[in-house]
Amino acid sequence: MVDMGFAKDLVALIRALYEKQKSNVRVHGETSGWFQAKQGVRQGCILSPYLFNLMAELLMRKALDGFDGGFKIGGRCITNLRYADDIVLIASTEEKLQDLVNRLHEAATELGMKINGKKTKVMKVCNDPKPITVTVAGYILSETKSFKYLGAKFNSEASCDEEIKSRLAIAKQRLGKLVPIWKARTVSNKLKARLIKGLI
């Protein structure tokens, strides 16, 4: 946090919250003895998501330091998409992707974190039918043909047809739920037209 420019007194305050932190566990009305919590963020604390995001930012900064891969979109080099602990790594070749995965694994290990190889998938977007082989800590990551990220569907054919169909179906379903408004005589046609225009 200090390296990122946070005030030292704020860092000291957060450190004080975590030093000598103790927890206990209650099961069926019985409580365990107190034990020191040495890892992780405080459960239920409103500060925890911010601290987690800072850690994820540090992790990605370390992994991307000196990385020259990525994919050019609109003149910018895109190497990743991130939302909390959902991270999509983007590279132009299989070798560059392996390099980026290795960098992320090393940075995670250094920070006491790890990549879950069973939950991590790779996807290739090109016409080459040859499978892609990317590993993390010796574990071969399975390949997928599509995945959902923040509600949007990505697929290996680089086609938007499936995503467009999905969004149209969702829109149709939502508009269908407004049938009582469309039939209501108390709602003016002018207001209905404004509502449709706004929705579309």
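Glu57, Arg61 and Arg82 are joined in a network of salt bridges. A salt bridge here is a side-chain nitrogen of Lys or Arg within 4 Å of a carboxyl oxygen of Asp or Glu. By this rule the count is 5 salt bridges.

Please note that this is a predicted model, in which local features need pLDDT of at least 70 and side-chain atom pairs count only at pLDDT 80 or more, while totals for chains, interfaces and linings use all residues. Residues are numbered from 1 along each chain as its sequence is written, and side-chain values use heavy atoms, with hydrogens and water left out.

Helices are DSSP runs of H or I with at least four residues, strands are E runs of at least two, and both are numbered from the N terminus. Arg61 is partly exposed, at 46% relative accessible area. For these terms, buried means under 20%, exposed over 50% and partly exposed in between, using a 1.4 Å probe and protein chains only.

Let us turn to bridges between distant parts of the chain. Glu110 meets Lys62 with the closest N and O atoms 2.8 Å apart. Glu110 belongs to helix 3 (residues 94–110) and Lys62 to helix 2, 48 residues apart. Glu110 is exposed at 58%, whereas Lys62 is partly exposed at 33%.

Finally, Asp68 and Lys96 form a salt bridge at 2.7 Å, N to O. Asp68 sits in the loop between helix 2 and strand 5 (71–73), and Lys96 in helix 3, 28 residues apart.
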